2 protein chains.
Amino acid sequence: MSKVPVMEIFGPTIQGEGMVIGQKTMFVRTAGCDYSCAWCDSAFTWDGSGKGLIKQMQAEEIWQELVQLGGDGFSHVTLSGGNPALLKNLSHLVDFLKEKEIKIGLETQGSKWQDWFVDIDELTISPKPPSSKMNTDFDILDSIMQRLRDANQSNHISIKVVVFSDEDYDYAKKVHLRYSDIPFFLQVGNEDNKTTDNTQLVEQLLTKYEWLIDKTMLDHEFKNVKVLPQLHTYIWGNKRGV
Amino acid sequence: MSKVPVMEIFGPTIQGEGMVIGQKTMFVRTAGCDYSCAWCDSAFTWDGSGKGLIKQMQAEEIWQELVQLGGDGFSHVTLSGGNPALLKNLSHLVDFLKEKEIKIGLETQGSKWQDWFVDIDELTISPKPPSSKMNTDFDILDSIMQRLRDANQSNHISIKVVVFSDEDYDYAKKVHLRYSDIPFFLQVGNEDNKTTDNTQLVEQLLTKYEWLIDKTMLDHEFKNVKVLPQLHTYIWGNKRGV
Ligand code: SF4
Ligand code: SF4
């Protein structure tokens, strides 16, 4: 069977994070994750609370829903989760989208390899820092990075680490120095992913963003790095599906 | 003589705009512009008010000041203006930085070609929309884009248009459709580049950003586009030299 569990499909909207920040894109969010990060902002994909939303879908069905929402006004699709890298079958959707000349972005924590990674146009590997309470398996991560290098994908990949604390920052630096040939993004963590008070949230996020910038600018070990916020939270706060 | 008129040198800080948004970088701002945009946020580079700041500097002197500020903690320099493309002599600085293995970003409105454009790692061509009160010479712009394509630079260039109004948006679309093979960025205009009330400024900029996103998402002629704010104004408001 070539179906995958889909949690939600939405867009067109902008990609708020990382290497394709600002990009007009559609989103396909898959269900299921092998992690359970303390601050996960899409826990409904794996904690049971969104169980009723899951639909098992073929590539063609997903495409139909994308077109229904976005018409012919998009050329980019972001595959998100959960951890989409759990799904071997996602290869069908990847192939399907490539045939339609759609560019594909994908983010995964780097806990699992899939052969279809090499067909992703913008692949973000986002290992999780200590505050997530998850442990990075660096043997697996090393092997994923090496396979991507071997596939000559280094133009199409980046590493992104979300930073909440000084400890997270140190972890991020360790990751950067370990894979220093790969474009690296620091991202401000959202400490309050439940609040609906957007004005206060933006203020808080900007304070934290300035803290992260200041720290990075003073740090001579971080040279080639981009420091970014989650743009979508500035606009839509913690609202889902925008 | 190989000197260029320098207005200010600062950093390390982040690039707040466009194709290298978030990048840790040093800034070198040159003096002089052939335009006089209605909403120019660096009018002091050309309206006489910053005359006393101008220093005629050799590449080596500029480098010394960069190192004094940034030590060995940077690998990226942004050349900004004014319009740095007025300066044939900037080739010396470009060569010098390349020798030091520093990546170079540069922005210009696309009113003038320089041979050293092909040595820029990230070149942003930013034609000015109607609200600027400037007129785009599309013959010159066509020839610049063609020379960059011929030099096989298309991976290293982007077009960015700042949008304040519906009219600007239509202009932006016209530019995008004319050079549809070049990565394209829409940027929210800052309508109040004098205020020191940062909270109000951020609120205003976010409202405008949402407006621009909504418009672009509904527009089927804008497919492959990135919509971005000026990040630095979110953090530092209209402050100069950060
Ligand atoms: S890896 Fe991502 S989806 Fe999975 S728990 Fe962590 S933050 Fe959530
Ligand atoms: S081209 Fe740039 S520097 Fe020159 S006047 Fe316009 S905004 Fe100002």
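Here are some notes on the predicted two-chain model above, taken point by point.

1. Ground rules. Because this is a predicted model, local features need pLDDT of at least 70 and side-chain atom pairs count only at pLDDT 80 or more, while totals for chains, interfaces and linings use all residues. Residues are numbered from 1 along each chain as its sequence is written, chains are lettered from A and ligands numbered from 1 in the order in which they are written, and side-chain values use heavy atoms, with hydrogens and water left out.

2. The annotated serine. An unreviewed UniProt entry lists A:Ser42 under "binding site"; positions follow the numbering used here, feature names are shortened, and annotations may be inferred rather than shown by experiment. A:Ser42 sits in the loop between strand S2 (24-30) and strand S3 (55-57) of chain A. Helices (H or I, at least four residues) and strands (E, at least two) are DSSP runs, numbered from the N terminus. Is A:Ser42 buried or exposed? It is buried, with a relative accessible area of 7% (buried is under 20%, exposed over 50%, partly exposed in between; 1.4 Å probe, protein chains only). Not counting residues up to four places away in sequence, A:Ser42 touches A:Arg29, A:Gly81 and A:Gly82 (contact means heavy atoms within 4.5 Å).

3. A buried valine. A:Val162, in strand S7 (residues 157-163) of chain A, is buried too, at 9% relative accessibility. Leaving aside neighbours within four places in sequence, its contacts include A:Pro129, A:Asp168 and A:Gly189. A:Gly189 is 27 residues away along the chain, yet the two C-alpha atoms are separated by 5.5 Å.

4. The A/B interface. Here 38 residues of chain B contact 38 residues of chain A. About 3100 Å² is buried between the chains, with carbon and sulfur atoms giving 62% of that area (buried area is the accessible area, 1.4 Å probe, that two parts lose on being put together, summed over both). B:Lys24, B:Met217 and B:Lys223 supply 20% of what chain B buries against chain A, more than any other three residues.

5. What holds the polar side of that interface? The rule finds zero salt bridges across it (a salt bridge is a side-chain nitrogen of Lys or Arg within 4 Å of a carboxyl oxygen of Asp or Glu). It does find 16 residue pairs in polar contact, both at pLDDT 80 or more (N or O atoms within 3.5 Å; within protein, one must be able to donate a hydrogen and the other to accept it, and residues adjacent in sequence count only if both atoms are side-chain atoms). On the chain B side, H5(B) gives the most, with nine residues.

6. Salt bridges elsewhere. In one of them, A:Arg178 pairs with A:Asp142, the closest N and O atoms being 2.8 Å apart. That pair links helix H4 (residues 166-178) to helix H3 (residues 138-150) of chain A, 36 residues apart. A:Arg178 is partly exposed at 38%, and A:Asp142 is partly exposed at 25%.

7. B:Arg147 bridges to B:Asp115 at 3.8 Å between the closest N and O atoms; B:Arg147 is partly exposed at 39%, whereas B:Asp115 is exposed at 53%. B:Asp181 and B:Arg149 also meet in a salt bridge (2.7 Å, N to O), again linking parts of the chain 32 residues apart.
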